[in-house]
Protein chains: 4
Amino acid sequence: MKIGFVGLGHMGSHMAQNLVKAGFQVTVFDVVPTAIDALVAKGAKGAKTLADVAKEADVIITMLQTGQQVSDVCLQENGLFNNAKKDVLYIDSSSIDIVTCRDLHSKAEKMNIAMVDAPVSGGTVGAEAATLTFMVGGSEENFKRAQPILEKLGKKIVHAGSAGNGQAAKICNNLILGISMIAVSEGFSLGQKLGLDPKKFFEISSNASGQCWSMTSYCPVPGIIEKAPSNNDYKPGFMAKMMLKDLRLGQHAAESVNADIPLGAVTTELYSLFVNQGNAETDFSGIINLIAGNI
Amino acid sequence: MKIGFVGLGHMGSHMAQNLVKAGFQVTVFDVVPTAIDALVAKGAKGAKTLADVAKEADVIITMLQTGQQVSDVCLQENGLFNNAKKDVLYIDSSSIDIVTCRDLHSKAEKMNIAMVDAPVSGGTVGAEAATLTFMVGGSEENFKRAQPILEKLGKKIVHAGSAGNGQAAKICNNLILGISMIAVSEGFSLGQKLGLDPKKFFEISSNASGQCWSMTSYCPVPGIIEKAPSNNDYKPGFMAKMMLKDLRLGQHAAESVNADIPLGAVTTELYSLFVNQGNAETDFSGIINLIAGNI
Amino acid sequence: MKIGFVGLGHMGSHMAQNLVKAGFQVTVFDVVPTAIDALVAKGAKGAKTLADVAKEADVIITMLQTGQQVSDVCLQENGLFNNAKKDVLYIDSSSIDIVTCRDLHSKAEKMNIAMVDAPVSGGTVGAEAATLTFMVGGSEENFKRAQPILEKLGKKIVHAGSAGNGQAAKICNNLILGISMIAVSEGFSLGQKLGLDPKKFFEISSNASGQCWSMTSYCPVPGIIEKAPSNNDYKPGFMAKMMLKDLRLGQHAAESVNADIPLGAVTTELYSLFVNQGNAETDFSGIINLIAGNI
Amino acid sequence: MKIGFVGLGHMGSHMAQNLVKAGFQVTVFDVVPTAIDALVAKGAKGAKTLADVAKEADVIITMLQTGQQVSDVCLQENGLFNNAKKDVLYIDSSSIDIVTCRDLHSKAEKMNIAMVDAPVSGGTVGAEAATLTFMVGGSEENFKRAQPILEKLGKKIVHAGSAGNGQAAKICNNLILGISMIAVSEGFSLGQKLGLDPKKFFEISSNASGQCWSMTSYCPVPGIIEKAPSNNDYKPGFMAKMMLKDLRLGQHAAESVNADIPLGAVTTELYSLFVNQGNAETDFSGIINLIAGNI
């Protein structure tokens, strides 16, 4: 099976390499030529154009930054869709907005291109180790086709529902994550100022109704969860600017269906403030330092 | 051992009864005479005044609504402190503001009254079944004295630290709880409007970074967690007005130490709006209906 | 001078009619044929296609709902730009997002089309009476060309700066407006619950540092500003859903330049809640009823 | 007429001095002896105790920081109320919470002490120049008695209604002020990032629906309103910590009557963040630098 892969950034380069390792014939493309060269050195075939990627691929995967980029590579005259083979499967693993994603699904369908959206969680660590989680949106049939390929890239491949629901699941999960990270930051900061020992508070709250993943797997206070970025000077992990991106995708999604997300809106603003104060590449749990008045 | 008990409301009446059952000699007082009568019928001794409660008690317990009430019964001329026996232990199980609580500790200390603050979680169900959790603030010595008594009333007795830290722990935990309940409500409501099946989203997010107690033990969407109030028409459980009370205690605590709780502040306003729209006695998870635009 | 006019809704129909009255030869188009007929009855010429509008026009004006619509009519194969005469002036009076607006400016420039963005304030009343305010973005030269035409449609024609600054000025003004309307609602509602007579509070605050247009020209409390919608059962005026649209344009604008608008974000959510509770077509000052707990 | 004056801080010392200048016999007290000495040097009589102040005074004025302080000096055993002359008039010019204020009114009434609450606006500049605005709460009769005295201290003496309504008026006005200052900051910051010249935006918005006192009398952007603190490196003026104090009084007031102030709550948190980041004594308009990402 021949796979075309577009987008060789921090995530995509690891993913393409894992596909090569898994024995697929992988043709890669990126706007940065050296990124292509690096993959060629690992055994991939380099492409000069998007059309070259598309022409022979049985499966095309994109891993890009924005909905605009994904639309462009798919829909431009010399892009992926116009040059795709009959019966191609198209997997978009980028995290993009719902409206663009569903628009692409609908255009793909008209051109008889089988598409799934399959955004990931797990970060560059997961991309390298092939332990990503994929949240997949699309028909049962297309999900079934994508599954064996995605299993070479991740450990958990979940079918979230029909077109766009992969993005929806990721966006909604990260909305809850962003809010609860600040919730935990507020609880621990307030507690500390009141004289409560953070370890004692962790012992109490982690066994009570305040428990959440942000506290028990990724505690923003150092000295509690060993492998959390808070114990490594808030080196990411998951960068604040990426959380901000996901929160904004949440706002766009909410706007598109007239949903209310009041805490999501304030959380977005707080991450924006944090990023604007020079912390774009700090781990997102570092926001506790904004809340606690340390910065 | 003789115990004096003041405050026979929904919580206090069950607690006093459990002390009677445990074999203590319990003298009770409340401003509502019928509340006293009910306990007398269960084997308690009724008191006519606060002084009567205090005069013979080895341990005094209060379970009241507000810091003002607790201050009043303790500090008024004919109140508990002025009439307490030497070496009395005073346990306040009310949920009150930190400033008042610490002020009482300091006055108790000057009068040689051993005090712990010991607010609870677990609701009327826990009060009746003697399965409450107590978060206790005070010296190690006073905690040790209180422990065997509180064990007759609850299943988990945690020493949260020095004076006021019981209140601090409860306030900070419930701050996180209130915020995360709205976070979960936003995530599920947005997901549903985007066409995501709530059960599917639960399956994904409960195993991912969005996981929190509000989702996995008390999900505000019906049909997911069997015993959650969402499956019983949002009958409490934990009433919205009680969550609002705790969030306001959080705001007072934050103000007293100049802590920032931006999501806590918005959460307080959302619960206030919800309560003002006629939902004071709805379970606090019912706020999903405000977020989802169902009310 | 021949004017082409596209978009004959509540605002556009009045504007096109005023241009007819002013003696211009006006060719109109809308997707709703009866809207065209109505203008033809007033002396305009009806067009069958966008190309028909463009082919003979010296000036083209659009008055549409969304950036997507404006892009479509301008940029589609048979649209306005491809069919425009040499030296045409294009005026977009729609309220749309900055990014789309500036993208259009840049495409217009490449095609030698002189463009200004010229969103309005003043509502349907102003459109009918030709008393609108126009906030115009574009070069000095293009502004000068647009000015005499816009003067037939409005009383105040302000040059806000270069391309897109008309939209920017409107968005930023309405951001302040939306926030201050809720500020006034909070102040008066709180005052009333505290026992303060609204007329007395108006007398004090309107002469003090709380003064703002939302209070002194459009007070959300009835009985204070005679012609305000609050005295007419909150009939618009300026509909809540239009305020919500403008606030969302503000959020998109903020996102595009990484600006923080925390109160703007919460205000957007509050208007979204208000609209979702069935008040889309209520005047935007009606939000006081949400704040005051009357709905 | 003999006046007793308690509280000789930044405001009170000027006020007491103006009373001396106006020819009253003024007896002063403060916990800081040098503050008393300074007033004695200006012609006041120094008191050793609160009782000394009260015993001979026809009118007693307090100008303190907190409700707790005012309660203490009034209600303690050797305090003002217990030592007041028959028919005394008591004026509290402190800005304090409504609940404490109304509680004092009710205690004063029981002791036949005529009381008005009379908080001020105008700052130390107004205190020195005797140009303060007084917002007075109390009966018509008591207001009439206070008026001629307050006229020696300020230019505008407004009767806001019955007991506590002076505080209510000030709190509600400053709630609107705090919110609208951030609204203006968001509008101008966003505009500037979008490329809008602040002077141009001021010209547009100050004549449109965004107009407010924070913009047209106290613009947080330098170079627009000459005498605004923004033109003097944000030297106060009105310090951020004082705005925070008033916003918190607003929250306490809202809590006491179950009022919703969602923007007030977020505004409080933003000022708290600003103060915690080291700007307690910066003018409150300096918050634009937090919003704009300059700090």
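Let me start with how the helix angles are taken: axes are lines fitted to C-alpha atoms, over the stretch in contact, and the angle is the one between N-to-C directions. Keep in mind that this is a predicted model.

First, a helix pair in chain C. Two packed helices are described by the angle between their axes and the distance between the axes. Our pair is helix α9, residues 165-193, and helix α13, residues 262-279, both of chain C. Their axes come within 9 Å. They cross at roughly 70 degrees. Angles of 65 to 115 degrees count as roughly perpendicular, so α9(C) is roughly perpendicular to α13(C). The crossing of α9(C) past α13(C) is left-handed.

Which residues make the contact? From α9(C), they are L175(C), G178(C), I179(C) and I182(C). From α13(C), they are L263(C), G264(C), T267(C), L270(C) and Y271(C). Sort the residues of this contact of α9(C) with α13(C) by type, and you get six nonpolar, three polar and no charged.

Next, the fold of chain A. Chain A has 13 helices and nine strands. Its C-alpha trace spans about 65 × 45 × 35 Å along the principal axes. Does that chain look compact or extended by radius of gyration? A compact globule of 295 residues would have a value near 19 Å, and chain A has 20 Å, so the two agree. Of the 295 residues in chain A, 62% are buried. Now take contacts in chain A between residues at least 6 apart in sequence: 63% of them join residues at least 24 apart.

One residue of chain A to click on: E141(A). It lies in helix α7 of chain A, residues 140-150. Is E141(A) buried or exposed? Exposed, because E141(A) has 10 C-beta neighbours inside 10 Å, and the cut-off for exposed is 12 or fewer. For a distance to check on screen, go from E141(A) to F29(A). These residues are 112 apart along the chain, and their C-alpha atoms are separated by 27 Å.

Last, chains B and D. Here 14 residues of chain B are in contact with 14 residues of chain D. On the chain B side, the elements giving two or more residues are α12 (240-256) and α13 (262-279) of chain B. Which element gives the most to that side? That is α13(B), with eight residues. By type, the residues on the side of chain B that touches chain D divide into five nonpolar, five polar and four charged.

How values were computed:
Residues are numbered from 1 along each chain as its sequence is written. Chains are lettered from A and ligands numbered from 1 in the order in which they are written. This is a predicted model: local features need pLDDT of at least 70, side-chain atom pairs count only at pLDDT 80 or more; totals for chains, interfaces and linings use all residues. Axes are lines fitted to C-alpha atoms, for helices over the stretch in contact, and angles run from 0 to 180 degrees between N-to-C directions. Helices (H or I, at least four residues) and strands (E, at least two) are DSSP runs, numbered from the N terminus. Angles under 35 degrees count as roughly parallel, over 145 as roughly antiparallel, 65 to 115 as roughly perpendicular and the rest as oblique. A crossing is left-handed if the near helix is turned anticlockwise from the far one by less than a right angle, and right-handed if clockwise. Two residues are in contact if their C-beta atoms, placed from the backbone, lie within 7 Å. Ala, Val, Leu, Ile, Met, Phe, Trp, Tyr, Cys and Pro count as nonpolar, Asp, Glu, Lys and Arg as charged, and the others, Gly among them, as polar. The radius of gyration is taken over C-alpha atoms; the globule rule is 2.2 Å times the number of residues to the power 0.38. A residue is buried if 20 or more other C-beta atoms lie within 10 Å of its own, exposed if 12 or fewer, and partly exposed in between; C-beta atoms are placed from the backbone.
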